[in-house]
Amino acid sequence: MSARHEAGTPTIHHVVVLGAGYAGLSAAVQLAARVGRRQDVRVTLVNGQERFTERLRLHMAATRQELAELSIPELLDGTGAQLVCGWVTAVDADARTVRVDDDRVLHYDTLVYGLGGVPDTAAVPGVEDHAYVLSSAQDVEALAVRLARLGRGTVVVAGSGLTGVESAAEIAERYPELDILLLGRQEPGAAMNTKARSYLQGALDRLGVQVRSGVEIAQVLPGAVELAGGERVSADVVLWTSGTRTSPLAAAAGLTVDERGRVVTDTALRSVSHPDVYAVGDAASVRQGYGVMHGTCQGGMPTGVHAAVSIVRVLNGKQPKPFRFGYYHTPVSLGRNDAVVQFTRPDDSPRRAHLTGSLAARYKETVTASPWPTFRRMKKMPASAAFWPRGGRFTRVRAQR
Ligand SMILES: Cc1cc2nc3c(=O)[nH]c(=O)nc-3n(C[C@H](O)[C@H](O)[C@H](O)COP(=O)(O)OP(=O)(O)OC[C@H]3O[C@@H](n4cnc5c(N)ncnc54)[C@H](O)[C@@H]3O)c2cc1C
């Protein structure tokens, strides 16, 4: 571990956290709470906005449901961590610098890389120009305005994964006069057990969502999507929810990344090429016994907490511990009053147990609302966020990297 020395001043170890999403905020708050009284550690968080983007609620924002104003500066108040509000435009992992808005350079001793992911608009021609996405508050506002003004027409939700299902259900419930068509390769709820899946499909049916699975979208055109084989489906609005990609910044920084641009980590969540960089959340490629974790909030927050705890251990001259995480549920909203919660094994395969209906909707809302109170609690009791299922035999990595 290194730190910068300036004549006559104590050595300060500067930790810079990139991205104030679920994972980056977990790391920053956890770290600040643990190093609060130390004069030798400084924590800086860099994020594009001062307001926390609740990605779990973006489909609600798209249907004009008001979300809480969650202020990151307010959350950090009293922790000692500083927010730099700006856009990260480059990282130099060898020089250990971060460039913000092109003109500001931050030096770090340890970096936490948590820039998340964005919808993969490059996967299919035309998405970039003719489809809406659920990515930032600005994207969602544009979609919300369009939907509110549409009156009548067809909305194609492209991608039948869980984001597509939640979005289709939300739009159908809010705008029953619109025709909603959910298109995608897989059956909605494909990873759920038979009963949960059939409940989910029945709910989409009740909401009037038409589903076409087993289809491949070849391109998005103005006013239509074209399927592989040439069939054209008319669409007044296309919402693209299929696939995510990560920022090219990590690869450009010289960090080892996987095929999706995620930072490849060792068992302690450090970059395999640059151990002074920790990667967390959707931007990290984290291997567990069952395979590489996929991007979720349930797994992302623990990565942030673990990275922070590891950084403090290293600062104290100890070795970081391996990160282990097992999935436990897949909660899916179906509008505001209905949902399915599929309980899972640590490898994310479905168990028999599941919840449906209003009980599931309450469960889902509790889960969605929980990150902010968790961050607040962490400020005073950092250890309170250190509990998550470790996954037992499912998460043991046999071949250590
Ligand atoms: C509609 C929807 C519903 C979802 N529902 C669920 C669910 O029910 N359960 C679940 O577990 N997961 C769900 N997810 C997935 C979940 O939102 C992500 O896995 C989670 O947000 C990942 O957290 P993160 O901190 O890694 O990234 P993010 O939450 O994406 O945060 C990244 C942060 O970095 C900032 N940033 C990015 N690039 C830059 C840059 N260059 N400069 C400065 N700042 C930057 C972003 O603005 C953002 O604040 C859902 C996603 C969507 C879109």
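Here is a short chat about how the terms used for this predicted model apply to its residues.

Me: What should I know about the model before we start?
Reply: It is predicted, so local features need pLDDT of at least 70 and side-chain atom pairs count only at pLDDT 80 or more, while totals for chains, interfaces and linings use all residues. Residues are numbered from 1 along each chain as its sequence is written.

Me: Why does Pro-188 count as buried?
Reply: A residue is buried if 20 or more other C-beta atoms, placed from the backbone, lie within 10 Å of its own, exposed if 12 or fewer, and partly exposed in between. Pro-188 has 23 C-beta neighbours inside 10 Å, so it counts as buried.

Me: Where is Pro-188, and what does it touch?
Reply: Pro-188 sits in the loop between β12 (179–184) and α7 (194–206); helices (H or I, at least four residues) and strands (E, at least two) are DSSP runs, numbered from the N terminus. Contact here means C-beta atoms, placed from the backbone, within 7 Å.

Me: What makes a group of residues a nonpolar core?
Reply: The members must be buried Ala, Val, Leu, Ile, Met, Phe, Trp, Tyr or Cys, joined through C-beta atoms within 7 Å. The largest such core here has 64 residues, and Leu-18 and Leu-31 are among those touching the most other members. Helix α1 (residues 22–35) gives the largest share, 10 residues. A second, separate core of 50 residues includes Val-140 and Tyr-199.

Me: How do you know which residues surround the ligand?
Reply: A residue is near a molecule if its C-beta atom, placed from the backbone, lies within 6 Å of it. Here 32 residues surround the ligand, with Gly-19, Gly-21, Gly-116, Gly-281 and Thr-296 the closest.

Me: What classes make up the shell around the ligand?
Reply: There are 13 nonpolar, 16 polar and three charged residues. Ala, Val, Leu, Ile, Met, Phe, Trp, Tyr, Cys and Pro count as nonpolar, Asp, Glu, Lys and Arg as charged, and the others, Gly among them, as polar.

Me: How are the domains set, and how do they meet?
Reply: The bounds come from an automatic or database domain assignment, which gives domain 1 (4–116 + 247–325 + 370–395) and domain 2 (127–241). Their C-alpha centres lie 32 Å apart, and eight residues of domain 1 are in contact with 13 residues of domain 2. The shell around the ligand draws at least three residues from each domain.

Key
Contact = placed C-beta atoms within 7 Å.
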